[in-house]
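Look at the strands of this protein and how they pair. The report below takes them one group at a time.

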Amino acid sequence: MVEPRQGEAPLFVNASAQGSYDPDGSISVVRWDFGDGHTDEGLSVVHRYDEEGTFLITAEVVDDRGLSAKVQIPVEVGISYPLDVLEWDVKEYYAGTRVWGRVKNIGDRRINLGRVAVRFYDEDWNFVEERSKILGDLYPGAEQIFEITSALKPVSPG
């Protein structure tokens, strides 16, 4: 079982082989391949997808005699709403970093609630945090301004 099977990045997926059994022995190991270069072992595991895309999770159940069976489950990681970032700017301010921008609904339906997310990384490009802003009432073609702040100070290019 894999839940959820779709959602916005970062997406935490719970994967479980709890219902698996071996009628003539016992299960030795469950191996997971998340389709994004990461693997894990265990009856139940949690995996975080940080990138958008379609991933194929492979669960391999191995019994005490070395026999195995595999199951594959697709997971969709992406953005729920068709918002296009028209412009953006990053500035340092007294309390950290301010990201200002303008988005446009490029879809053909009204967006009641949408989310703009900004990811912050350290000087080595390691993910540090994500901050977001909820926007609402965007009709097709409508634009809206957003501002997102973080206590993190900008990294100077070096």
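In which sense do strand E3 and E6 pair, and over how many bridges? Strand E3 (residues 11-16) pairs with E6 in the antiparallel sense, over six bridges. Within this pairing, Val13 has His47 in E6 as its bridge partner.

This is a predicted model, in which local features need pLDDT of at least 70, side-chain atom pairs count only at pLDDT 80 or more, and totals for chains, interfaces and linings use all residues. Residues are numbered from 1 along each chain as its sequence is written, and side-chain values use heavy atoms, with hydrogens and water left out.

Some terms come next. Strands (E, at least two residues) are DSSP runs, numbered from the N terminus. Two strands pair if DSSP finds at least two bridges between them.

E3 belongs to an open sheet of three strands, in the order E1-E3-E6, with antiparallel pairing. Strand E1 (2-3) and strand E6 (44-49) stand at the edges. Each has a single partner strand, so one side of each is left without a neighbour in the sheet.

Now turn to strand E7 (residues 53-63). Eight of its 11 residues are buried, so E7 is largely enclosed by the rest of the structure. Buried means under 20% relative accessible area (1.4 Å probe, protein chains only). E7 pairs with strand E4 and with strand E8, as the table shows.

| Pair | Sense | Bridges | Example partners |
|---|---|---|---|
| E4 (residues 27-33) and E7 | antiparallel | six bridges | Val29 and Val62 |
| E7 and E8 (residues 68-78) | antiparallel | 10 bridges | Leu56 and Pro74 |

E7 and E8 also form a hairpin, with four residues between them. In the turn, Gly66 has a positive phi of about 90 degrees.

Key: Buried means under 20% relative accessible area, exposed over 50%, partly exposed in between (1.4 Å probe, protein chains only).
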